[in-house]
Amino acid sequence: MDTSQNVRKNRDVLNVRQLRLVQGLAEGRTIASAGRSAGYGAYVSAYDAANSRKVKAALEETREEIIRNTEYSITAAHH
């Protein structure tokens with residue numbers, strides 16, 4: 001299984017709110033802002049979700065995927 005499949009597999013275990021939270025955090029938004037957009041009613045709930053092992057792993061994988069895609073784009077642009 002390649003890395004992109006691992007990322008998709010780990011994202012599949014997240015519920016919709018957690019996935020939206022990961023997306024918001026990966027965009028550089030604060031926990032409060034990403035949590036509100038994801039549908040969390042209270043900062044504490046978003047904070048707890050953001051610090052869960054599943055969400056942290058998905059966020060790290062998302063960031064790594066963004067870096068890989070950026071590096072590929074830069075390399076492709078120079079050829």
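Glu-61 is buried, with a relative accessible area of 16%; the cut-off for that class is under 20%. This residue sits in helix H5 of a predicted model. Along the sequence Glu-61 is 35 residues away from Ala-26, yet the two C-alpha atoms are 9.9 Å apart in space.

Ile-66 also has its place in helix H5, which covers residues 53–77. At 41% relative accessibility, Ile-66 counts as partly exposed, because that class runs between 20% and 50%.

**Overall fold and confidence**

The protein has five helices and zero strands, so the order of elements from the N terminus is α-α-α-α-α. Of its 79 residues, 25% are buried. Among contacts between residues at least 6 apart in sequence, 50% join residues at least 24 apart.

The mean pLDDT of the protein is 85, and 75% of the residues score at least 70. Confidence is lowest in helix H1 (residues 3–12), where the mean is 55, and highest in helix H3 (residues 31–38), where the mean is 97. Where pLDDT is low, the predicted coordinates should not be read in detail.

**Helix H2**

Gln-18 belongs to helix H2, which spans residues 16–26. Gln-18 counts as buried because its relative accessibility is 11%. What does Gln-18 contact, leaving aside its neighbours within four places in sequence? The partners are Val-13, Tyr-40, Lys-54 and Val-55.

| Residue | Relative accessibility | Class |
|---|---|---|
| Gln-18 | 11% | buried |
| Glu-61 | 16% | buried |
| Ile-66 | 41% | partly exposed |

The buried residues of H3 are Ala-34, Gly-35 and Ala-38. Viewed down the axis of H3, these buried residues fall within an arc of 100°, so they line one face of the helix. An α-helix has 3.6 residues a turn, so residues three or four places apart point the same way. The cover over the buried residues of H3 includes H2 and H4. Just after H3 comes Gly-39, which takes a positive phi of about 105°.

In helix H4 (residues 43–50), the buried residues are Ala-46, Ala-49 and Ala-50. Seen down the axis of H4, they too lie within an arc of 100°, and therefore line one face of the helix.

How do H3 and H4 meet, and at what angle do their axes cross? Their axes come within 9 Å and cross at roughly 100°. That makes H3 roughly perpendicular to H4, because angles of 65 to 115 degrees fall in that class. On the H3 side the contact is made by Ile-31, Ala-32 and Gly-35, and on the H4 side by Tyr-43, Ala-46, Tyr-47 and Ala-50. Gly-35 is one of the buried residues of H3, while Ala-46 and Ala-50 are among those of H4.

Terms used: Residues are numbered from 1 along each chain as its sequence is written. This is a predicted model: local features need pLDDT of at least 70, side-chain atom pairs count only at pLDDT 80 or more; totals for chains, interfaces and linings use all residues. Side-chain values use heavy atoms; hydrogens and water are left out. pLDDT is the predictor's confidence in each residue, from 0 to 100. Helices (H or I, at least four residues) and strands (E, at least two) are DSSP runs, numbered from the N terminus. Buried means under 20% relative accessible area, exposed over 50%, partly exposed in between (1.4 Å probe, protein chains only). Contact means heavy atoms within 4.5 Å. The arc is that of the directions from the helix axis to the C-beta atoms. Axes are lines fitted to C-alpha atoms, for helices over the stretch in contact, and angles run from 0 to 180 degrees between N-to-C directions. Angles under 35 degrees count as roughly parallel, over 145 as roughly antiparallel, 65 to 115 as roughly perpendicular and the rest as oblique.
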